Amino acid sequence: ADEETILALAEAVYDLDADIIGFQEIRRRGWFDNLMSYLPDYGYLIAQQSSFMDNAIIYKLDRITLTGMKEPFAWDDYNFAGRPPLQGDFRYTFGNTEYDFTVMNIHMKCCDSGLLRRKRAARELHDYSLDLLDTGTKNLIILGDWNDDLRDEPGDHCFEPFLANPEFHFANVPLLNDDNNVSYPKEPYRSFLDHILVSREFLSPDSDYHVATLSVENWFGSFEQYEDLISDHKPVMVSIPHP
């Protein structure tokens, strides 16, 4: 909704006050730059290699420094539907705490017809992530719109490589048994499509962390109003304790 969307989203980001946020489906990079003009406390990186509907990551400037940016698989992005992952390498500094971490923001191919491509993309992403872990990137987050539901039967989703590897876990698994927490709440396709995968060394599944699907209807008056202005997916958030 043009400027109305930009103002509403800027206010939501400001109220949320998160350290880092991943965005998908940005129609025009210039409009995103306009959004960021309302958010001076944040820096950002935005995809340069996507065919359409770019990904972006914003981060709090007072505690996070961008140390590198990549777009893996940009040279062969068919399995990622023309939207290669956006990778940001960061250093977090707050008080006496300092550590490096990497975020990959993804938007997988949608719909059942894209299942094979999602599976291939997940396998590529898994192998690439293992290489990162093997070369010293211990703190890893892969977030975004996976366009698959973790509650689906094996074979009907793309998550198998990560579920089979104890190096990783999905931080939002505790939400899956509550249908009120689905990130795509529209009937008849209510589903949990947006996930936050983390390396186990960064965030153990047994650690004391908080994860939630944000109740955007409380901010916007209704989900329909939120959808008209911003998105048909709800945001998913995880709070990671300091190591």
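Are Trp146 and Phe170 buried or exposed? Both Trp146 and Phe170 are buried, where buried stands for a relative accessible area under 20%, exposed for over 50% and partly exposed for what falls in between, computed with a 1.4 Å probe on protein chains only. The model is predicted, so local features need pLDDT of at least 70 and side-chain atom pairs count only at pLDDT 80 or more, whereas totals for chains, interfaces and linings use all residues. Residues are numbered from 1 along each chain as its sequence is written, and side-chain values use heavy atoms, with hydrogens and water left out.

The structure holds 18 aromatic pairs; rings of Phe, Tyr and Trp (its six-membered ring) pair if their centres lie within 6.5 Å, and planes under 30 degrees apart count as stacked, over 60 as edge-to-face and the rest as tilted. The pair of Phe101 and Phe202 is stacked, because the ring centres are 6.4 Å apart and the planes stand at 25°. Phe101 belongs to strand 6 (residues 97-107) and Phe202 to the loop between strand 9 (194-199) and strand 10 (210-213), so this pair ties together parts that are 101 residues apart in sequence. Helices (H or I, at least four residues) and strands (E, at least two) are DSSP runs, numbered from the N terminus. Phe101 is buried at a relative accessible area of 6%, and Phe202 is buried at 11%. The edge-to-face arrangement is found for Trp146 and Phe170, whose centres are 5.4 Å apart and whose planes stand at 70°. This pair also links distant parts of the chain, with Trp146 in the loop between strand 7 (140-145) and helix 4 (160-163) and Phe170 in strand 8 (residues 168-170), 24 residues apart. Phe101 and Phe202 also belong to one aromatic cluster, together with Tyr59, Phe90, Tyr92 and Tyr99.

Charged groups meet rings as well. A charge sits over a ring if NZ of Lys or CZ of Arg is within 6 Å of the ring centre and within 35 degrees of the ring normal. The charged end of Arg117 sits over the ring of Tyr78, 3.9 Å from its centre, and Arg28 lies over the face of Trp31 at 4.7 Å from the ring centre.

The loop between strand 7 and helix 4 also holds Asn147 and Asp149. Asn147 is buried, with a relative accessible area of 12%, and Asp149 is buried at 5%. The side chain of Asn147 reaches the backbone oxygen of Met108 at 2.8 Å. For Asp149, a polar atom of the side chain lies 2.9 Å from the backbone nitrogen of Arg151. A polar contact is a pair of N or O atoms within 3.5 Å; within protein, one must be able to donate a hydrogen and the other to accept it, and residues adjacent in sequence count only if both atoms are side-chain atoms. Not counting residues up to four places away in sequence, Asn147 touches His107, Met108, Lys109, Cys110, Arg118 and Leu193, contact being heavy atoms within 4.5 Å. With the same exclusion, Asp149 touches His157, Phe159, Ser191, Phe192, Leu193 and His195.

His195 itself is found in strand 9 and is buried, with a relative accessible area of 1%. The side chain of His195 reaches the backbone oxygen of Asp148 at 2.8 Å and makes a polar contact with the side chain of Asn172 at 3.0 Å. Leaving aside neighbours within four places in sequence, His195 has contacts including Trp146, Asp149 and Phe170. His195 and Lys60 are 135 residues apart in sequence and 21 Å apart in space, C-alpha to C-alpha.

Strand 2 (residues 42-46) is mostly covered, with four of its five residues buried. Strand 2 runs antiparallel to strand 3 (residues 54-60), and five bridges join them; two strands pair if DSSP finds at least two bridges between them. Ile46 stands opposite Ala56 in strand 3.

Cysteines complete the survey. Zero disulfides are found in a search of the whole structure, a disulfide being a pair of cysteine sulfur atoms within 2.5 Å. Cys158 is in no disulfide, and the nearest cysteine sulfur, that of Cys110, is 13 Å away. Cys158 counts as buried at 1% relative accessibility, while Cys111 counts as partly exposed at 47%.
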